[in-house]
Amino acid sequence: SNNNNTHQEKSTPLRSAASMVLPHPASTPGPMARTPLDCAWLLQTMVDDPDRFDATSLFLSSSNDRHDDVTGSKTTSVTVRIGWLGDWQSRLPIEDGILSTCQKALEHWRVNNNNDSNNRTNDCRSHFNIIVVDMTDNLFDLDKLWESYNTIRFASTYEKYSEHFDVQYLLSPQGRHLIKEELAWELEQGQAIATTDDRGKAQLERARDVYDQYEEWLNGIFDQHSNGDDENENQYSQLDVLALPSAQVWPFPIEDRYPKQICGTTMDTYHRWMEVCVPVSFGGLPCVTVPTVGVLAGLVDDNNTRSNNKGNDWKEEKILPMGIQMFAKRGNDLQLLRLANDYYHCFHQP
């Protein structure tokens with residue numbers, strides 16, 4: 001979605017038979033649309049149960065009603081604390097300009113919303129006071145997340161394909177041409193887990209242990225409260241939402257199968273360049289992706305330079321899209337869509 005200037009929402013997942021290791025499936029389908037409102041309507045259609053999700057709730061105030069002296073109506077003033085994870089304490093290789101682009105978009109949103117003289121048009125009466133907190137320490141071990149996520153992903157993929165296809169044939173010299181080499185590799189990884197009783201069971205148990213540790217870490221992030229010290233409030237107060245870039249690379253030429261290197265770091269698998277999505281997927285968390293303001297390809301960092309753009313004529317004077325993924329506790333889908341709707345109107349997206 002970040003490469004199409006659209007909004008995307010990954011809903012809170014339901015338990016699936018694809019993998020019983022985690023209390024949610026390894027991946028979750030979600031709607032994609034040009035606006036958060038369209039996204040909400042599509043999600044309602046996908047859920048097909050208004051008692052579980054009603055798109056009209058996007059416009060209903062939830063708490064902290066205050067009187068608007070200008071219109072005479074009530075609006076909802078809610079403070080939302082967003083934890084910016086950036087490059088996960090330098091653990092994620094990210095192309096130049098992506099982090100600064102996302103941070104500038106969040107800052108513009110914060111300043112715009114917190115300015116009482118702001119009279120921007122919004123079809124939602126909710127008003128959010130945005131606080132962005134830099135998460136600079138005590139982050140969860142991303143290596144553990146990556147390894148455990150892949151264990152679950154590989155096992156689930158092998159299990160899913162085994163239900164419908166002859167995987168042995170697909171991996172044989174006679175049938176291998178029928179599937180992409182990346183899928184064949186994933187099936188082989190999953191086969192190694194699923195067909196080795198003791199070792200495979202131990203890998204899945206380790207993955208579940210990491211999941212439990214990660215969930216405990218998330219609960220600590222979302223549930224911790226202020227210690228009453230105003231000076232340290234940004235560090236210790238409860239966070240409502242966490243945020244990451246939606247991708248580690250800018251759009252790349254269609255001729256490139258996938259990025260094999262990011263800022264000098266070699267990608268050891270075909271999907272390592274999408275590692276920034278793992279904290280959401282592995283946690284089974286609801287997430288909404290919103291587009292950032294486009295930037296010129298040659299002016300994407302603070303120094304107005306980008307060395308790896310040189311010679312790429314297709315990128316010259318192009319607007320490069322990027323996105324921000326915002327995620328929260330399971331069940332907070334509506335809160336995320338309300339935030340996305342507010343963000344949308346802040347930037348006056350067409």
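1. **Make-up.** The protein has 9 helices and 12 strands. Helices (H or I, at least four residues) and strands (E, at least two) are DSSP runs, numbered from the N terminus. Residue numbers start from 1 along each chain as its sequence is written. This is a predicted model, so to speak of local features pLDDT must be at least 70, side-chain atom pairs count only at pLDDT 80 or more, and totals for chains, interfaces and linings use all residues, while side-chain values use heavy atoms, with hydrogens and water left out.

2. **Confidence.** pLDDT is the predictor's confidence in each residue, from 0 to 100. The protein averages 80, and 74% of the residues score at least 70. Among the elements, strand E6 has the highest mean pLDDT (97) and strand E3 (residues 65-67) the lowest (41). Read two stretches with that scale in mind. Residues 13-18 stay under 50, with 15 contacts in the model beyond four places in sequence. Residues 295-317 are also below 50, with 40 contacts beyond near neighbours in sequence.

3. **Overall packing.** Of the 350 residues, 49% are buried. Buried means under 20% relative accessible area, exposed over 50%, and partly exposed in between (1.4 Å probe, protein chains only). The protein exposes about 17700 Å², and carbon and sulfur atoms supply 47% of that area. Such areas come from the Shrake-Rupley method with a 1.4 Å probe; for residues, only the protein chains shown count as cover. Now take contacts, meaning heavy atoms within 4.5 Å. Among those with a separation of 6 or more, 73% join residues 24 or more positions apart.

4. **Strand E12.** Start with residues 323-327, which form E12. Since 5 of its 5 residues are buried, E12 is largely enclosed by the rest of the structure. Gly323, Gln325 and Phe327 lie on one side, Ile324 and Met326 on the other, and all are buried. In a regular strand the side chains alternate between the two faces of the sheet.

5. **The partners of E12.** Two strands pair if DSSP finds at least two bridges between them. E9 pairs with E12 in the antiparallel sense over 5 bridges. There, valine 290 has isoleucine 324 as its bridge partner. E9 (residues 287-291) is mostly covered too, with 5 of its 5 residues buried. Cys287, Thr289 and Pro291 are on one side of E9, with Val288 and Val290 on the other. Strand E6 (residues 241-245) also pairs with E12, antiparallel, over 4 bridges.

6. **Leucine 242.** This residue is found in strand E6. Leucine 242 is buried, with a relative accessible area of 0%. In E12, phenylalanine 327 stands opposite. Leucine 85 is 157 residues apart along the chain, yet the two C-alpha atoms are separated by 7.0 Å.

7. **The core.** A nonpolar core is a set of buried Ala, Val, Leu, Ile, Met, Phe, Trp, Tyr and Cys residues joined through side-chain atoms within 4.5 Å. The largest has 60 residues; Trp88, Trp109, Leu242, Phe282 and Met326 have the most contacts inside it. Helix H6 (residues 197-223) gives the largest share, 8 residues. Domain 1 (25-50 + 77-116 + 125-138 + 236-298 + 313-349) and domain 2 (143-205) each supply at least three residues. Those bounds come from an automatic or database domain assignment.
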